[in-house]
Amino acid sequence: MIDLHAHTTCSDGSLAPEQLLRAAEALRLQALAITDHDTFQGYEQAAALRRDGALALIQGIELSCKLGRRSAHLLGYFLCRRPAKQFEQWLEAQRLHRRQRNLQMLERLRHLGADIALEEVEAAGRGLTGRPHFARLLVAKGFAQSYDEAFHRYLSEGAPAYVEREAPTLEEGIERIRQAGGVTSLAHPIRLRAADEASLFRSLADRGLDAIEVFHPDHTPADSARYLELARKLGLAVTGGSDFHGEAKPTVQLGSVPVHNECLEELRRLGRR
Ligand code: AMP
Ligand code: ZN
Ligand code: FE
Ligand code: FE
């Protein structure tokens with residue numbers, strides 16, 4: 001059993017890196033990729049606590065990108081070498097963009113009479129503070145009646161406190177991860193709601209995408225079958241994982257999405273290029 005997609009408290013998961021590591025050991029997973037959003041901190045903390053044993057711990061990332069105006073997630077796996085320093089610096093800049101955007105949204109909210117502090121919203125969002133945390137806080141403080149109303153009144157695109165988030169395009173993400181020595185997989189493609197998946201995947205493959213995340217809890221068996229066929233047709237590798245977030249997403253268990261060990265072997269082959 002392997003799981004190539006999991007989050008820790010360093011982004012938006014509810015298990016600390018050590019807890020996630022021990023959970024994977026208890027399940028006797030053969031491989032676990034820690035793929036926090038835009039940070040390696042969770043992987044690094046877990047890697048320092050690893051015991052030698054049967055579990056292969058994989059350094060991964062889930063990069064927040066854009067496809068047109070839609071947000072798109074790109075998985076990166078560093079299987080054969082550590083990511084280039086330059087890439088880590090670039091990631092730091094991405095995290096800074098998010099923080100600056102949060103400050104801008106707070107400023108707008110303050111002008112709208114909804115005064116909340118950065119510390120409060122960051123306490124809720126930890127390593128990945130974004131609009132959902134703003135929305136919950138606005139409700140908790142009585143500035144909105146409900147989560148949906150918080151979005152409608154303040155936070156949704158076009159609402160007065162909305163600030164667009166700077167994020168790389170998928171193409172840039174693919175190139176950055178590749179240059180840093182990693183292998184890329186398009187995360188949960190169902191969420192892109194692409195009108196023409198085949199041509200999207202083809203154009204990303206042309207830009208250097210290595211794999212498609214075929215197996216994911218958001219995919220029906222029919223979705224996975226379709227993605228598997230498309231991957232084969234386009235010569236792309238296949239990945240999968242539970243996208244485990246712990247209590248933050250309680251219906252999904254670690255290791256609950258079946259993924260063949262060959263998927264990982266193929267990624268390793270690609271990683272040696
Ligand atoms: P951010 O990355 O800070 O822009 O936040 C994006 C997240 O906000 C999405 O993943 C959704 O969970 C949530 N979200 C975005 N728009 C809405 C909306 N109109 N109503 C409710 N939740 C939303
Ligand atoms: Zn997440
Ligand atoms: Fe994702
Ligand atoms: Fe994820």
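Is His73 buried or exposed? His73 is buried, with a relative accessible area of 17%, where buried means under 20% relative accessible area with a 1.4 Å probe and protein chains only, exposed over 50%, and partly exposed in between. This is a predicted model, in which local features need pLDDT of at least 70 and side-chain atom pairs count only at pLDDT 80 or more, while totals for chains, interfaces and linings use all residues. Residues are numbered from 1 along each chain as its sequence is written, chains are lettered from A and ligands numbered from 1 in the order in which they are written, and side-chain values use heavy atoms, without hydrogens and water.

**Iron ion (ligand 3)**

- Glu62 (OE), His73 (ND1) and His188 (NE2) are the protein donors of this ion, at 2.0 to 2.2 Å; donors are N, O and S atoms within 2.8 Å of the metal (3.2 Å for Na, K and Ca), and sites may look incomplete because water is not among the atoms.
- The donor residues follow the sequence spacing E-x10-H-x114-H.
- His73 in strand β4 (residues 70-78) and His188 in the loop between β5 (183-186) and α8 (197-206) are 115 residues apart, a pair that links distant parts of the chain; helices (H or I, at least four residues) and strands (E, at least two) are DSSP runs numbered from the N terminus.
- His188 is buried, at a relative accessible area of 3%.
- The zinc ion (ligand 2) lies 5.4 Å from the iron ion (ligand 3).

**Iron ion (ligand 4)**

- His5 (NE2), His7 (NE2), Glu62 (OE) and Asp243 (OD) coordinate this ion at 2.0 to 2.2 Å.
- Along the chain, the donor spacing is H-x1-H-x54-E-x180-D.
- The distance from the iron ion (ligand 4) to the zinc ion (ligand 2) is 4.1 Å.
- His7 is buried, with a relative accessible area of 0%, and Asp243 is buried at 1%.
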